[in-house]
There are 4 protein chains.
Amino acid sequence: MHPRTSFTAVTSPKRAGRPRSAAADRAILDATRAALAEVGWGGLTLGDVAARAGVAKTTLYRRWAGKNELVVDALAALFEEQLDLPDLGGLEADIQGVVLRFAELIERPETRTALMAVVAEAAQDDALRLRIREAIVDRQKHLVLLGRRRAQQRGELPPDKAEDPARDDLIFDVIAGAVVHRVMVSSGPVDREWALRLARLLVDGLGALHLPPP
Amino acid sequence: MHPRTSFTAVTSPKRAGRPRSAAADRAILDATRAALAEVGWGGLTLGDVAARAGVAKTTLYRRWAGKNELVVDALAALFEEQLDLPDLGGLEADIQGVVLRFAELIERPETRTALMAVVAEAAQDDALRLRIREAIVDRQKHLVLLGRRRAQQRGELPPDKAEDPARDDLIFDVIAGAVVHRVMVSSGPVDREWALRLARLLVDGLGALHLPPP
Amino acid sequence: MHPRTSFTAVTSPKRAGRPRSAAADRAILDATRAALAEVGWGGLTLGDVAARAGVAKTTLYRRWAGKNELVVDALAALFEEQLDLPDLGGLEADIQGVVLRFAELIERPETRTALMAVVAEAAQDDALRLRIREAIVDRQKHLVLLGRRRAQQRGELPPDKAEDPARDDLIFDVIAGAVVHRVMVSSGPVDREWALRLARLLVDGLGALHLPPP
Amino acid sequence: MHPRTSFTAVTSPKRAGRPRSAAADRAILDATRAALAEVGWGGLTLGDVAARAGVAKTTLYRRWAGKNELVVDALAALFEEQLDLPDLGGLEADIQGVVLRFAELIERPETRTALMAVVAEAAQDDALRLRIREAIVDRQKHLVLLGRRRAQQRGELPPDKAEDPARDDLIFDVIAGAVVHRVMVSSGPVDREWALRLARLLVDGLGALHLPPP
DNA sequence: AGTTAAACGAGACGGTACGTCTTGTCTTAGG
DNA sequence: CCTAAGACAAGACGTACCGTCTCGTTTAACT
């Protein structure tokens with residue numbers, strides 16, 4: 001499997017020959033999501049995706065190097081929409097809100113069947129792991145910053161003396177990890193109560209993290 | 001894929017014909033782990049496992065229904081050993097210890113490449129999800145109970161007025177989820193410092209969880 | 001494309017595992033001939049042959065390395081039957097008879113579309129050329145010997161003083177070549193008259209060939 | 001595949017727009033012959049030919065409908081040169097000479113790999129067969145006429161009472177067929193000796209053909 | 001000198017077949 | 001009845017060409 005011209009890469013100002021069809025891009029990604037929801041990661045066939053999209057396999061392979069890359073891009077679009085953090089008046093409520101929102105995303109059939117699968121594939125593929133982080137994970141991370149600043153303005157958390165990005169990373173790993181584990185492994189519901197308890201645990205735990213790091 | 005005689009099931013007292021070779025079982029599981037570490041889940045082939053184990057494919061299929069089941073059993077053996085929680089003198093230290101221990105387990109090549117993969121497969125396969133919980137996840141869960149009781153005896157946490165299993169589940173989801181997310185997605189190290197910060201967050205957050213549930 | 005265990009090769013005395021299905025061999029060759037007659041060499045697809053034969057592609061590729069080898073074997077069977085030279089009472093009649101017979105063979109749809117194609121492929125493939133000679137061409141060659149001996153016994157040709165295999169080869173090239181050229185290139189009919197004229201030319205020319213070689 | 005403006009067709013007196021590049025025509029035919037000699041018919045790719053000729057595929061398809069037509073035209077040029085029959089003083093020598101000459105042509109790599117291939121394709125394509133006859137075969141046929149007349153003038157053959165074109169066709173099929181069969185199938189050399197024997201066979205056989213047809 | 005219309009290069013496109021691979025079952029011979 | 005060996009049906013894989021198309025550019029011949 002050879003590397004391809006990245007689909008997201010901005011095509012250079014002047015390219016000879018017939019330009020790539022933007023409609024094909026869209027059709028393929030839509031078909032991928034639809035197929036994922038229907039048959040799951042394991043049953044996903046690039047031939048089938050191409051057929052659903054009304055596109056030749058070649059067209060698909062010209063843009064993506066394989067199943068992994070395609071699915072990451074297909075999922076990325078889903079995550080892009082869900083990027084906001086409505087101000088619910090307090091840190092606890094904000095966390096509860098974002099947890100519910102994130103769970104909603106994870107529980108969609110496309111996401112359920114595919115997200116862990118690409119993470120698993122990425123275990124042995126550094127480029128893929130990077131792509132997942134860039135296209136999916138990091139986009140959510142700024143919510144942590146936003147939420148923390150808002151809480152500091154409200155006086156719910158003390159102001160920072162110095163930057164501590166590792167702390168925000170930890171918070172993100174805790175929230176995202178807990179939700180994913182709840183949904184994918186424990187198979188329990190992420191309802192308002194569960195989200196509230198997680199929010200409480202974090203609100204109380206967050207104070208300690210603002211003490212000087214060890 | 002048809003159900004098989006479960007590998008773990010105790011074979012009935014008297015069975016006619018040549019008995020199954022216990023050596024084959026071990027050889028297959030060892031080969032599976034070795035192959036996982038080498039080529040990862042995606043590259044894992046049942047034909048290759050059989051060849052490595054010096055066993056015919058038939059023998060393998062007679063015991064396991066497919067790749068998923070085989071790998072779950074192969075991983076289960078890895079998790080079986082790691083079941084203790086040395087008393088390090090305080091709740092924070094205990095949590096830090098168990099986090100480091102768990103990370104160590106997750107970061108092995110066999111686990112890294114296979115655990116998420118079977119979780120992903122389980123997204124559409126209830127039986128598999130149950131098997132993973134029973135054989136892998138739940139085995140670790142009693143550590144939460146043990147740790148909490150020890151902390152209550154030390155007076156670090158207030159005694160329970162009533163049972164609250166959902167609370168322990170949440171704690172488990174948070175710890176396990178955070179470690180897995182850190183390792184598999186964020187690709188950051190789970191070192192003493194990271195473990196300490198997570199432990200602190202939990203110790204302080206845990207108090208709130210002992211207030212009456214909402 | 002890797003070499004395969006030859007289909008015709010006698011399988012060694014003892015082979016482990018399930019033996020190859022003889023029925024599959026037959027079904028594949030029959031399907032090949034049928035497909036050739038229907039869609040011709042250019043339209044012949046190994047996938048289609050497999051489907052017609054009710055066999056998986058793997059089974060086909062286990063026996064033959066590709067289209068060329070398969071078709072040679074499929075044609076060989078056709079040529080095997082046609083091996084006799086009825087005594088029509090005189091050299092001229094015998095030649096006329098064999099020419100008509102040979103033309104009949106060449107003009108079958110399977111042969112028409114495939115024979116020249118494999119010969120063309122063989123132009124760059126020594127192994128294939130050898131296989132064609134062994135499996136198809138040489139089988140007909142003994143007819144020349146037989147016919148000549150019969151004519152010598154009748155006194156139509158003088159007895160040989162010494163062996164001269166090159167002479168028989170020439171005769172074969174002339175007869176086979178003329179018929180093939182007539183059918184494939186000139187697109188003329190090989191009817192009784194044409195066959196008779198060729199026979200006359202040869203009968204009169206043959207005398208000269210029994211003079212001492214130059 | 002649609003019909004094209006034939007490459008050989010005289011372009012109509014007035015055509016608007018940019019005229020077709022004659023250089024491209026030449027480059028494509030040269031590239032075709034070179035590619036044929038290198039990779040053979042089977043390996044010949046129109047994309048590759050275009051690349052070798054420094055021309056876009058479109059340019060190629062604007063002139064020829066496909067591989068078959070292109071190769072026929074490429075071969076035709078080779079055969080165009082070889083059209084003479086030096087008077088070697090006698091019928092036998094003349095035949096020997098033309099046989100050697102023809103063999104030389106057939107044994108070129110381009111011819112070897114491509115001639116039989118297009119003949120094979122023509123088995124199911126009447127237009128192609130006609131084109132081959134016109135562009136390649138018939139050009140050689142007048143040599144038979146020329147040789148026969150010369151021999152009649154020398155007195156080596158009796159004068160014709162009536163036209164008998166079928167007889168000349170037969171002679172052509174015999175000579176061309178025998179040489180092709182010798183080269184392509186029997187894989188034997190067409191050397192002076194072989195050519196002489198064929199010439200003798202014909203000279204002696206030819207007398208009979210001048211008797212009244214049956 | 002400008003206009004025009006076709007040829008040109010480049011390369012994307014929908015298709016189709018390729019030959020390989022893996023899956024899970026089946027068939028033999030041997031223990 | 002189990003085992004090893006390996007053939008089997010099924011079907012996805014990723015690649016290579018096919019012949020068509022769609023661009024933007026170039027090149028003559030006709031205004």
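**Contacts of DNA strand E and of the protein chains**

In this predicted model, 54 residues surround DNA strand E, a residue being near a molecule or strand if one of its heavy atoms lies within 4 Å of it. The closest are T59(A), R63(A), Y61(C), T59(D) and R62(D). Local features need pLDDT of at least 70 and side-chain atom pairs count only at pLDDT 80 or more, whereas totals for chains, interfaces and linings use all residues. Side-chain values use heavy atoms, without hydrogens and water; residues are numbered from 1 along each chain as its sequence is written, chains are lettered from A and ligands numbered from 1 in the order in which they are written.

Sugar or phosphate accounts for 63% of the atoms of DNA strand E within 4 Å of the protein; the rest belong to bases. Backbone N or O atoms take part. For R18(D), the distance to a sugar or linking oxygen is 3.3 Å. S21(D) places a backbone N or O atom 3.1 Å from a phosphate oxygen of DNA strand E. Helices (H or I, at least four residues) are DSSP runs, numbered from the N terminus. By class, this surface has 17 nonpolar, 19 polar and 18 charged residues. Ala, Val, Leu, Ile, Met, Phe, Trp, Tyr, Cys and Pro count as nonpolar, Asp, Glu, Lys and Arg as charged, and the others, Gly among them, as polar.

Between chains A and B, 47 residues of chain A are in contact with 51 residues of chain B (heavy atoms within 4.5 Å). The two chains bury about 4,300 Å² between them, 63% of it on carbon and sulfur atoms. Buried area is the accessible area (1.4 Å probe) lost on putting two parts together, summed over both. Across this interface there are 2 salt bridges, each a side-chain nitrogen of Lys or Arg within 4 Å of a carboxyl oxygen of Asp or Glu. D164(A) forms a salt bridge with R197(B), the closest N and O atoms being 2.3 Å apart. On the side of chain A that touches chain B, α8(A) gives the most, with 14 residues. That side divides into 27 nonpolar, 8 polar and 12 charged residues.

Definitions and conventions: Polar contact = N/O pair within 3.5 Å; in protein donor to acceptor, adjacent residues only side chain to side chain. Helix = DSSP H or I, 4+ residues; strand = E, 2+ residues; numbered from the N terminus.
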